[in-house]
Amino acid sequence: MGRRGSFLCHDGGVSAPGLHRALPVPDGLEGQRVDQALTRLFGLSRAVAAELADADKVWVDGRVRGKGDRLSGGSWLEVELPPPPVEAPPPEPVPGLTVVHDDDDVVVVDKPVGVAAHPSPGWEGPTVVGGLAAAGYRISTSGAPERQGVVHRLDAATTGLMVVAKSERAYTVLKAAFRERTVDKGYHALVQGHPDPSRGTIDAPIDRHPRHDWKFAVVSGGRPSVTHYEVVEAFAAASLVDVHLETGRTHQIRVHFSALRHPCVGDTTYGADPTLAARLGVSRQWLHAVRLGFAHPADGSWVEFTSAYPADLAGALAILRAES
């Protein structure tokens, strides 16, 4: 098994390597939960230990393990400890970052391309957190300093809707909602070819790619990952697909459709045809978060927001429709 040196964030940037540690599980930790063991072994807080497990950064005998899994003495434990804290850069306005909704508890934004959710090692571009701060929005102080208020993320090259917590209660409630899968996360993806069946569910575990740890793949023993989809418009070379995520793994939509041999148009990282992307004027994956719905943390009422396609994605569709 190769050493795991760097890891990917949901915002799409490859972060600086954390500290990789590997050791046999001491007999004294037999039967303990993963998060409890990490706390005892490395002096982490229980919250940080749980976050590492939730982010697929803990392996036991070569397989990703969750925070509640129990350990056996003598098993081989590997963990990617977090890198040194990132000092948040001074807030800077983010052109194109649109506030869709704002109240005392949450702010919903429409994120443009090339913007990460929050600062991270190795990412020097604009962020949603920085853009909101520069615009005078107060956000929750919960979470690590560089990603306060962030309850979910989009890849930097994926556009569309994100919700950021403003109050501490909203942060707690929304984190639980994402964890319990009660948030409606809807995406549109333009994928190559024609998925068969035209409506279905992709239930395939995702883990780091066995040879290229800067990306992900469908891997036996990976974390359970479920994607529901339906083709809403078909063209000669591609299909527009409505996607609903049941889980939220890093690069999940991109990995699942690549595994079906229908990668997102423009997603050369996962096998897309660069010639088709160039013909359609697409320089990134054609993937947009079009819909976001959740129970409002203040009173539990259901709220839902939608987002129109940005110009580059709409332009690609226009070309395909003109050819049909």
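P24 is partly exposed, with a relative accessible area of 43%. The model described here is predicted. P24 belongs to strand β1, which covers residues 19–24. Apart from neighbours within four places in sequence, P24 is in contact with G74, S75 and W76.

The protein chain is divided into domain 1, residues 19–81, and domain 2, residues 98–323. Taken over C-alpha atoms, the centres of domain 1 and domain 2 are separated by 29 Å. The contact between them draws 10 residues from domain 1 and seven residues from domain 2.

The size of an interface is often given as the accessible area lost when the parts come together. For domain 1 and domain 2, the buried area is about 740 Å², and 32% of it lies on carbon and sulfur atoms.

Which elements give two or more residues to the side of domain 1 that touches domain 2? Three residue pairs are in polar contact across the interface of domain 1 and domain 2, both residues of each pair being at pLDDT 80 or more. The elements in question are α2 (46–54) and β3 (63–64). Helix α2 provides the largest share of this side of domain 1, namely three residues. By class, the side of domain 1 that touches domain 2 has four nonpolar, no polar and six charged residues.

Charged residues also pair across the boundary. One salt bridge is found across the interface of domain 1 and domain 2. The side chains of R223 and D56 meet in a salt bridge, with N and O 2.8 Å apart.

### Salt bridges in the model

Side chains of opposite charge can pair when their charged atoms come close. In this model the count comes to 13 salt bridges. The table lists several of them.

| Salt bridge | N to O distance |
|---|---|
| R223 and D56 | 2.8 Å |
| D35 and R33 | 2.9 Å |
| D155 and R254 | 3.0 Å |
| E233 and R321 | 2.8 Å |

The pair of D35 and R33 joins side chains in a salt bridge. D35 counts as buried because its relative accessible area is 3%, which is under the 20% limit. R33, at 22% relative accessibility, counts as partly exposed.

What does the salt bridge of D155 and R254 tie together? The side chains of D155 and R254 meet with N and O 3.0 Å apart. D155 lies in the loop between α3 (128–134) and β7 (159–165), and R254 lies in helix α5 (residues 252–259), so the pair ties together parts that are 99 residues apart in sequence. Both D155 and R254 are buried.

E233 forms a salt bridge with R321, and their closest N and O atoms are 2.8 Å apart. Because E233 lies in strand β12 (residues 226–234) and R321 in helix α7 (residues 311–323), this pair ties together parts that are 88 residues apart in sequence. E233 counts as partly exposed at 25% relative accessibility. R321 is also partly exposed, with a relative accessible area of 42%.

Salt bridges can also share partners: in this way R33, D35 and R46 are joined into one network.

Terms used: Residues numbered from 1 in each chain as written. Predicted model: local features only at pLDDT ≥ 70, side-chain atom pairs only at ≥ 80, totals over all residues. Heavy atoms only, no water. Domains from an automatic or database assignment. Contact = heavy atoms within 4.5 Å. Buried area = accessible area lost by both parts, 1.4 Å probe. Salt bridge = Lys/Arg side-chain N within 4 Å of Asp/Glu carboxyl O. Polar contact = N/O pair within 3.5 Å; in protein donor to acceptor, adjacent residues only side chain to side chain. Helix = DSSP H or I, 4+ residues; strand = E, 2+ residues; numbered from the N terminus. Nonpolar A, V, L, I, M, F, W, Y, C, P; charged D, E, K, R; others polar. Buried < 20%, exposed > 50% of the residue type's maximum accessible area, 1.4 Å probe, protein only.
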